[in-house]
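Visitor: I have a structure to go through. Can you take my questions as they come?
Guide: Go ahead.

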Amino acid sequence: MKYKIGDLVTRKSHHHDMVFMITFIDNDDICYLKGVNIRLQADSPMEDLTLYDQEEDVEQEEDFLKRASVDYSLNRDDYFYLPGKILHIDADQDYLKRCLDYYHKASLDAVGVMMNEKEVPNEIHKLLEQYRPSIVVITGHDAYYKDKEIPDHYKNSASFVQAVKEARSYEKSHQKLVIIAGACQSNYEELIKAGATFASSPKRINIHALDPAIIATKISLTCTSENIDLKELLNRTKYGPEGIGGLQTSGMMYMGYPR
């Protein structure tokens with residue numbers, strides 16, 4: 001069967017475990033794929049692919065988003081609220097738009113910047129000065145190559161780590177700047193050591209496209225006087241603490257009176 005760019009497919013060799021969109025097809029009928037919901041890029045011969053029926057995936061996605069949702073209801077009779085501002089830096093335009101839509105549904109002040117993973121370390125200081133966020137998300141694509149002879153076995157973790165170091169040199173306090181960093185299979189331990197507040201991926205597994213946004217939204221909408229329930233927050237993400245881990249922190253929302 002011939003496929004075209006934009007088709008949704010699964011891979012026979014991986015037991016149809018993940019839904020991809022075809023983004024490019026070369027002259028040898030090798031299809032380049034991007035996860036629909038998971039931050040993963042791959043390639044596959046055309047004969048390994050099967051067209052995907054979307055209905056089941058939509059139902060599973062709705063169940064996940066229901067579990068991940070944050071309670072936006074606030075007592076607005078007497079009080080006013082200033083949620084934490086979010087700067088979201090993403091190497092993938094589609095995932096960035098999806099995360100920005102998620103923030104905007106929660107009426108958050110969120111700025112999105114699309115930038116290649118390797119460019120972020122050189123630009124992040126300037127972006128932090130320009131936008132002055134209380135929460136910064138640094139994400140895109142990554143991969144852990146256990147058997148490949150490449151530096152440190154990771155596709156983009158070194159760039160994420162350096163970007164976190166630069167961000168943390170800009171603001172040393174986790175109470176003033178929450179950093180959420182990493183993508184699928186990223187080097188969790190090095191990201192935390194570099195200064196990330198939350199990072200992927202403790203078990204070197206894939207993460208959902210919205211996982212960083214789920215973490216950022218909850219922190220943005222939690223008052224500065226409240227500590228985040230770390231286990232409860234991580235369990236809102238697609239794969240829980242196997243996909244993302246982090247440090248105990250407080251919220252970034254200020255509450256004022258009178259309205």
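**Cysteines, sheet and overall fold**

Guide: At 9% relative accessibility, Cys223 is classed as buried, where buried means under 20% relative accessible area, exposed over 50% and partly exposed in between, with a 1.4 Å probe and protein chains only. This is a predicted model: local features need pLDDT of at least 70, side-chain atom pairs count only at pLDDT 80 or more, and totals for chains, interfaces and linings use all residues. Residues are numbered from 1 along each chain as its sequence is written, and side-chain values use heavy atoms, with hydrogens and water left out.

Visitor: Is Cys99 buried or exposed?
Guide: Buried, with a relative accessible area of 0%.

Visitor: How many disulfides are there in the whole structure?
Guide: Zero, counting a disulfide as a pair of cysteine sulfur atoms within 2.5 Å. Cys99 is in none; the nearest cysteine sulfur belongs to Cys184 and is 12 Å away.

Visitor: New topic. How many helices and strands does the chain have?
Guide: Seven helices and 13 strands. Both are DSSP runs numbered from the N terminus: helices are H or I with at least four residues, strands E with at least two.

Visitor: How many residues of helix 6 are buried?
Guide: Ten of its ten, over residues 211–220. Among them are Asp211 and Lys218, along with Ile214, Ile215 and Ile219.

Visitor: And the open sheet, what is the strand order?
Guide: The order is 4-3-2-1-5, five strands with antiparallel pairing; two strands pair if DSSP finds at least two bridges between them.

Visitor: Which strands stand at the edges?
Guide: Strand 4 (41–45) and strand 5 (49–51); each has a single partner strand, so one side of each lacks a neighbour in the sheet. From one strand to the next the twist averages 50 degrees, using axes that are lines fitted to C-alpha atoms, for helices over the stretch in contact, with angles from 0 to 180 degrees between N-to-C directions.

Visitor: What joins strand 3 to strand 4?
Guide: Five bridges, between strand 3 (residues 30–35) and strand 4, which run antiparallel. Cys31 stands opposite Ser44 in strand 4.

Visitor: What share of the chain is buried?
Guide: Buried residues make up 51% of the 259.
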